[in-house]
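Reader: Hi! Could you walk me through this one?
Author: Happy to. Here it is.

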Amino acid sequence: MSGRQFFLRQFVSALYRALFHPAKSPSDHRLFARLMMKPRIFDVYGLIVQSFDRRRILKTPLPDASDQSAAALAIRHNLKQISNKFVTTSRRVEPIYQIATTPWRDLRNEKILIIGCRNVLELHQAKFAGFHWDNIVGLDLFSINPKIKSMNMEQMDGIEDETFDVVTMVNTLEYSLKPHQVFSEVVRILRPGGRFVFTYGRHMEEKAVVSSASGENFVDTPHYYPVAAHVKHLHQNGMQVFWHDEISKENSVGLIQANHRLGFIKQAVLLDPPFAD
């Protein structure tokens, strides 16, 4: 066999493997998802998706102002915020999804719970991140979309143990006075090996958390739990940190935050405590 024939034989064999038995990619190579996340395309898609909720917004009554429960405050804030700006193009969740899916893997069979999403667009962003639509669930104190469950993150009784592979939470934990109770619920509903990725921002100015939409106080007294306390609590409940970084930003109510992004993996057994009591 001549050198030319040998080369052609190898070429044809390699071409056959490339077409019918390609090597699996260790990275996200989905062209359609990448296309949909392009700025102009994403904004138009978001406009169309959110327009379907407009009728639900107009038909949802506001709770009476005398009702100062957490649920009523959340409904008045969210409903007025959505009414004033029913179309949002926020991409705040994308870095969190990137952290939760690193290193890249096939996500089609993984279930994700998105806490504090309020808007269905964040669920669509999870779809573009690789999750199957049927495995994406949203949760908030208030929602006008049936894809998002109305539930308190401090007491998620409607969700069974070890249901989700991924739980995310963006700019939401700050509104809870019982963050460790939230963590306990997340640990309960996560499967072993599941990931919990969330942000936690400290209000640098010592002010109450005021809704920019309704003008009401979410939390009358400023509160701050050190990040180390959160890490310690999660670690003692079988969660291993795999990601932590920090950025400063101005949030939606005009406060400057030192915003932490943290990622944890649920271990099958409890870990040795790394902190002294």
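This is a predicted model: local features need pLDDT of at least 70, side-chain atom pairs count only at pLDDT 80 or more; totals for chains, interfaces and linings use all residues.

Reader: Good to know. How many helices and strands are there?
Author: The protein chain has nine helices and nine strands. These are DSSP runs numbered from the N terminus: H or I with at least four residues for helices, E with at least two for strands.

Reader: And what percentage of the residues count as buried?
Author: Of the 277 residues, 44% do. Buried means under 20% relative accessible area, exposed over 50%, and partly exposed in between, with a 1.4 Å probe and protein chains only.

Reader: Let's look at helix 7. Is it mostly covered or mostly exposed?
Author: Helix 7, residues 121-129, is mostly covered, with eight of its nine residues buried. Among them are Leu121, His124 and Phe128.

Reader: What do those buried residues pack against?
Author: They pack against helix 2 (31-36), helix 3 (39-51) and helix 6 (94-100), along with strand 1 (112-115), strand 2 (136-140) and strand 3 (148-150). Contact here means heavy atoms within 4.5 Å. Just after helix 7, Gly130 takes a positive phi of about 125°.

Reader: Switching to pockets: what volume does the second largest pocket have?
Author: About 340 Å³. Of the 14 residues that line this pocket, Asp28, Arg30, Gln98, Phe128 and Ala129 are the closest to its centre. A pocket is an open set of points on a 1 Å grid over the protein atoms alone, where a 1.4 Å probe fits, with protein on both sides within 12 Å along at least five of seven lines; lining residues have an atom within 4 Å of a point.

Reader: Which helices each supply at least two residues of that lining?
Author: Helix 2, helix 6 and helix 7.

Reader: Now His260. Where does it lie, in terms of strands?
Author: His260 lies in strand 9, residues 256-266. His260 counts as buried because its relative accessibility is 8%.

Reader: Which side chain does the His260 side chain make a polar contact with?
Author: That of His244, at 2.9 Å. A polar contact is a pair of N or O atoms within 3.5 Å; within protein, one must be able to donate a hydrogen and the other to accept it, and residues adjacent in sequence count only if both atoms are side-chain atoms. Leaving aside neighbours within four places in sequence, His260 is also in contact with residues including Phe198, Tyr200 and Val227.

Reader: What about the backbone? Which residues does a cis peptide bond join?
Author: Thr102 and Pro103, with omega about -5°. Pro103 sits in the loop between helix 6 and strand 1.

Reader: And what phi does Glu162 have?
Author: Glu162 has a positive phi of about 50°, although it is not a glycine. Glu162 is in the loop between strand 3 and strand 4 (164-169), and counts as partly exposed because its relative accessibility is 43%. Asn171 likewise has a positive phi of about 50°, but Asn171 counts as buried, at 19% relative accessibility.

Methods: Residues are numbered from 1 along each chain as its sequence is written. Side-chain values use heavy atoms; hydrogens and water are left out. Grid points are joined across faces, edges and corners, and a volume is the space filled by probe spheres set on the points.
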